[in-house]
Amino acid sequence: QTGAGKTWTMMGTDEQRGLIPRSAALIFELIADKPEGYGCEIDASYLEIYMEKVNDLLNPDNENLEIKESRDKGVYVQDLSKEPIGSLEDVYDLLSRGDKIRKVAATNMNAGSSRSHSVL
């Protein structure tokens, strides 16, 4: 349903952050509260599902990727890019770069409606 508020709920605005920015901020707050000497590494991937194809939003050459399952990894996307993330700003940068690649098209209700579903 175009115009139902899905993107707003997930991303929000600068004044009212959505689920993704709030969740990412919480992760970094929890890490910051850990005792000295505690180590943590975060990697992130960003993909879209468009017309039943999985595309890598961090590497536009990676299209039509396969979803796999293994005992060691669980469910994963083969050859999906991942990048180290060290701050909330890194998350915003990754989302911004990926959103420039996402499939969008005009509808009667929304001039820039996304035509895909994305997963961070």
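I started with S4 and S5, which form a hairpin with three residues between them. This is a predicted model, where local features need pLDDT of at least 70, side-chain atom pairs count only at pLDDT 80 or more, and totals for chains, interfaces and linings use all residues. Residues are numbered from 1 along each chain as its sequence is written, and side-chain values use heavy atoms, with hydrogens and water left out.

I looked up the pairing next: strand S4 (residues 67-70) and strand S5 (residues 74-77) run antiparallel over four bridges. Pairing here takes at least two DSSP bridges between two strands. I also found that isoleucine 67 has valine 77 in S5 as its bridge partner.

Then I listed the elements and found three helices and nine strands. These are DSSP runs numbered from the N terminus: helices are H or I of at least four residues, strands E of at least two. From the N terminus, I read the order as α-α-β-β-β-β-β-β-α-β-β-β.

Which residues make up the largest nonpolar core? I counted 12 residues in all, including Phe28, Tyr46, Leu57 and Ile85. Helix H2 (19-32) and helix H3 (88-99) are the elements that give two or more residues to this core, and H3 gives the most, with four. Another core of five residues lies apart from it, among them Leu47, Val54, Val77 and Leu80. A nonpolar core is a set of buried Ala, Val, Leu, Ile, Met, Phe, Trp, Tyr and Cys residues joined through side-chain atoms within 4.5 Å.

Last, I checked burial: 24% of the 120 residues are buried, meaning under 20% relative accessible area (1.4 Å probe, protein chains only).

Methods
Buried < 20%, exposed > 50% of the residue type's maximum accessible area, 1.4 Å probe, protein only.
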